Amino acid sequence: MEYLKSLQNILKRKEQLLLIAILSVQFLVCLWLLDKRWINPDEGAHTMDGRLVLSGLIPEVDYGSRQVLYVYIIALFLKVFGVGYLGARILPLISTIGVSLLVFFISKRLFNQKVALLACGIYAFLPLAIVESTIVKTEPLTTLLSCTGMYLVISG
């Protein structure tokens, strides 16, 4: 009986290490792409909205902006990681990795850990997910918040 428990612990640890490896490789690939991509025209507008917040202006009161919560989150990332497009690109990078982790947790809740690892690996290395992980747009954060909501619904 103890032998089976120790075998289960080894398998569980192996699957946890595989999840960490998937997320680490995804992070490194996205980090490598961070400064390689061209600057999207929307990135300038989103980054400027964050810079205006850091200058003391209020979105939708002092200037027309995107989603107010999104603009304040961009401003927070600009404050922490530096004002510029690279500081703003950290937000979609972290959001994409968070979505991969939530895909794992949702799949684990619905199916099992092996299916969850497969789903996480497939999402983490989808070309669209990798390309979008370094563009400052609302989609990565929206996907992260939507996946968080779905996980909370499934957990409840």
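Trainee: Which helix does S107 lie in?
Mentor: S107 lies in helix α4. Keep in mind that this is a predicted model.

Trainee: Is S107 buried or exposed?
Mentor: Buried. Its relative accessibility is 10%, and buried means under 20%, so S107 counts as buried.

Trainee: What does S107 touch, leaving out residues up to four places away in sequence?
Mentor: With those left out, S107 touches N112, V115, A116 and A119.

Trainee: How do α4 and α5 pack, then?
Mentor: Their axes are 7 Å apart, and the packing angle is about 155 degrees.

Trainee: Why are they called roughly antiparallel?
Mentor: Angles over 145 degrees count as roughly antiparallel. The angle here is about 155 degrees, and α4 and α5 are therefore roughly antiparallel to each other.

Trainee: In which hand does α4 pass α5?
Mentor: The crossing is right-handed.

Trainee: Which residues make that contact?
Mentor: From α4 they are T96, V99, S100, V103, F104, S107 and K108. From α5 they are Q113, V115, A116, L117, A119, C120, Y123 and A124.

Trainee: Take C120. What is it in contact with, apart from neighbours within four places in sequence?
Mentor: Apart from those, C120 is in contact with L19, I22, L23, S100, V103 and F104.

Trainee: Now the largest nonpolar core. How many residues does it have, and which touch the most other members?
Mentor: It has 27 residues. Those touching the most other members are L19, Y70, I74, L91, F104 and C120.

Trainee: Which elements give two or more residues to this core?
Mentor: They are α1 (2–33), α3 (68–81), α4 (85–110), α5 (113–124) and α7 (139–155). The largest share of this core comes from α4, which gives ten residues.

Trainee: Why would nonpolar residues gather like that?
Mentor: In soluble globular proteins, nonpolar side chains tend to be buried together.

Trainee: Buried or exposed?
Mentor: Y63 has a relative accessible area of 12%. The cut-off for buried is under 20%, so Y63 is buried.

Trainee: What is Y63 in contact with, beyond four places in sequence?
Mentor: Leaving aside neighbours within four places, Y63 is in contact with D49, L52, V53, L57, I58 and V71.

Trainee: How far apart are Y63 and D49?
Mentor: In sequence, 14 residues; in space, 8.7 Å from C-alpha to C-alpha.

Trainee: Which atom of D49 does the side chain of Y63 reach?
Mentor: The Y63 side chain reaches the backbone oxygen of D49, at 3.0 Å.

How values were computed:
Residues numbered from 1 in each chain as written. Predicted model: local features only at pLDDT ≥ 70, side-chain atom pairs only at ≥ 80, totals over all residues. Heavy atoms only, no water. Core = buried A, V, L, I, M, F, W, Y, C linked by side-chain atoms within 4.5 Å. Buried < 20%, exposed > 50% of the residue type's maximum accessible area, 1.4 Å probe, protein only. Helix = DSSP H or I, 4+ residues; strand = E, 2+ residues; numbered from the N terminus. Contact = heavy atoms within 4.5 Å. Polar contact = N/O pair within 3.5 Å; in protein donor to acceptor, adjacent residues only side chain to side chain. Axes fitted to C-alpha atoms, helices over the stretch in contact; angles between N-to-C directions. Parallel < 35°, antiparallel > 145°, perpendicular 65-115°, else oblique. Left-handed = near helix turned anticlockwise from the far one by under 90°.
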